[in-house]
Amino acid sequence: MSIENVDAVRQYLFDLGPNYTDSPYIIGERELAESDNMFWDGELKTIPGAARLVSTVFAGTLTEIVGLYQYNKKNASSFFIAASNQGRVAYESGGAWTSIQTGLSTAANTYWDWVTFNDTLVALSGSNPVKKWFGSGGLSNLGGTPPQSRYAAVHGTDYVFFAGHTSAPSQVAYCDTANVESWPVGNAIEVGR
């Protein structure tokens, strides 16, 4: 079945709740697609009757969020994580922010990328050593001397790939099989040579 009219439909009433199964183009006029408690209407708004995601402000003067991630563990615990341009990483807990780490790099253009590999959160910014976290305590440096990178990708349950290294910008490095804390020198792909 083709859809002839794919224009966005403004919606102001969501009393029929979310519809996570149908395409956003065919949901009912009083349904909501792909949202927990927010929608975009020229600006970010909360759905009437919904609560804020976090009730407290992310601390700091002129704070900008430079990374967001939903870290889900195998034991069903889940952490909504944010990083700020003020060098702070925190997660939402009970409607407030709980600090994981402070004092990280505040260099311009420091943005965070995150992946989950074998239940470990791996955090990269290009301006800090690659970090790891397990859902408690603070961030710690990832073992095995991985390259300080900006971007990460996971392939199945075997490999983590890092790119955006300052020292080798055309290189993609990868860990040993199923071991994110082992980064042999030869595990690299040269792009564009």
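Rings of Phe, Tyr and Trp, the last by its six-membered ring, form a pair if their centres lie within 6.5 Å. In this predicted model, ring pairs link Tyr71, Phe79, Tyr91 and Trp133 into a cluster. The structure holds 13 aromatic pairs. A pair of aromatic rings is described by the distance of the centres and the angle of the planes.

Two pairs illustrate this description. The ring centres of Trp112 and Trp114 are 5.7 Å apart. Their planes meet at 25°, so this pair is stacked. Both Trp112 and Trp114 are buried. The rings of Tyr159 and Tyr174 have centres 5.8 Å apart. Here the planes stand at 85°, so the pair is edge-to-face. Tyr159 belongs to strand E12 (residues 159-163) and Tyr174 to strand E13 (residues 171-174), so the contact ties together parts that are 15 residues apart in sequence. Tyr159 is partly exposed, at 25% relative accessibility. Tyr174 is also partly exposed, with a relative accessible area of 22%.

The strands around Tyr174 were examined next. E12 and E13 run antiparallel and are joined by two bridges. Phe161 stands opposite Tyr174 in E13. On its other pairing, E13 runs antiparallel to strand E14 (residues 188-190), with three bridges. Ala173 stands opposite Ala188 in E14. In a regular strand the side chains alternate between the two faces of the sheet. In E13, Gln171 and Ala173 make up the covered face. Val172 and Tyr174 make up the uncovered face.

An aromatic ring also faces a charged side chain. Arg88 lies over the face of Phe58, at 4.8 Å from the ring centre.

Methods: Residues are numbered from 1 along each chain as its sequence is written. This is a predicted model: local features need pLDDT of at least 70, side-chain atom pairs count only at pLDDT 80 or more; totals for chains, interfaces and linings use all residues. Side-chain values use heavy atoms; hydrogens and water are left out. Rings of Phe, Tyr and Trp (its six-membered ring) pair if their centres lie within 6.5 Å; planes under 30 degrees apart count as stacked, over 60 as edge-to-face and the rest as tilted. Buried means under 20% relative accessible area, exposed over 50%, partly exposed in between (1.4 Å probe, protein chains only). Helices (H or I, at least four residues) and strands (E, at least two) are DSSP runs, numbered from the N terminus. A charge sits over a ring if NZ of Lys or CZ of Arg is within 6 Å of the ring centre and within 35 degrees of the ring normal. Two strands pair if DSSP finds at least two bridges between them.
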